[in-house]
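Here is a short report on one chain. It covers a helix, a salt bridge, a surface patch and a backbone angle.

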Amino acid sequence: DGYPIKVKLKHFFRYQNSAEEGGAKLDDSPLYIFDSHFDDDSVSKQLLQEYKVPHLFNEDLFQLVGEKRRPPYRWVLFGPPRSGSSVHTDP
């Protein structure tokens, strides 16, 4: 239905690898992880320090509005084959 749910990662991995009924390998549209707050903990912050923006994308005009006013711009997405969202336009 398009509503977000919260699931422990260990349960998601079990779902992702399952070929039984209710598992991702049999789902027509498997679930996927979309996390827009992954940078809230110390491990993720360390990953961000190691990441370098590719030179083709160095210009960031949203930095002009400040961190509090800029729209979300960091996400982690992963899932099994055939997972994901349909083509859409963000509001």
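## Basis and a loop residue

Where does Ser18 lie? Ser18 sits in the loop between α1 (9-17) and β1. Helices (H or I, at least four residues) and strands (E, at least two) are DSSP runs, numbered from the N terminus. Ser18 is buried, at a relative accessible area of 17%. Buried means under 20% relative accessible area, exposed over 50%, and partly exposed in between (1.4 Å probe, protein chains only). Leaving aside residues up to four places away in sequence, Ser18 touches Gly23, Ala24 and Lys25. Contact here means heavy atoms within 4.5 Å.

The model is predicted: local features need pLDDT of at least 70, side-chain atom pairs count only at pLDDT 80 or more, and totals for chains, interfaces and linings use all residues. Residues are numbered from 1 along each chain as its sequence is written, and side-chain values use heavy atoms, with hydrogens and water left out.

Phe12, Tyr15 and Gln16 are buried in α1. Seen down the helix axis, the buried residues of α1 fall within an arc of 100°, so they line one face. The arc is that of the directions from the helix axis to the C-beta atoms. The cover over these buried residues includes β1 and β2.

The face turned away from the buried side of α1 carries Lys10, Arg14 and Asn17, which are exposed.

## The salt bridge

The count comes to one salt bridge, defined as a side-chain nitrogen of Lys or Arg within 4 Å of a carboxyl oxygen of Asp or Glu. Arg70 pairs with Asp60, and their closest N and O atoms are 3.0 Å apart. The pair links distant parts of the chain, 10 residues apart. Both Arg70 and Asp60 lie in the loop between α2 (42-50) and β2.

Asp60 counts as partly exposed, because its value is 25%.

## The nonpolar patch

Tyr32, Phe34, Trp75 and Leu77 make a nonpolar surface patch of about 420 Å². Patches take residues with over 30% relative accessible area and no salt bridge; like charges are joined within 9 Å, nonpolar side chains (Val, Leu, Ile, Met, Phe, Trp, Tyr) within 5 Å. Areas come from the Shrake-Rupley method with a 1.4 Å probe; for residues, only the protein chains shown count as cover.

Phe34 belongs to strand β1 (residues 33-35). Phe34 counts as partly exposed, at 47% relative accessibility.

## A positive phi

Arg82 lies in the segment after β2 (76-78). Its phi is near 75°, a positive value in a residue other than glycine. Most residues other than glycine have a negative phi.
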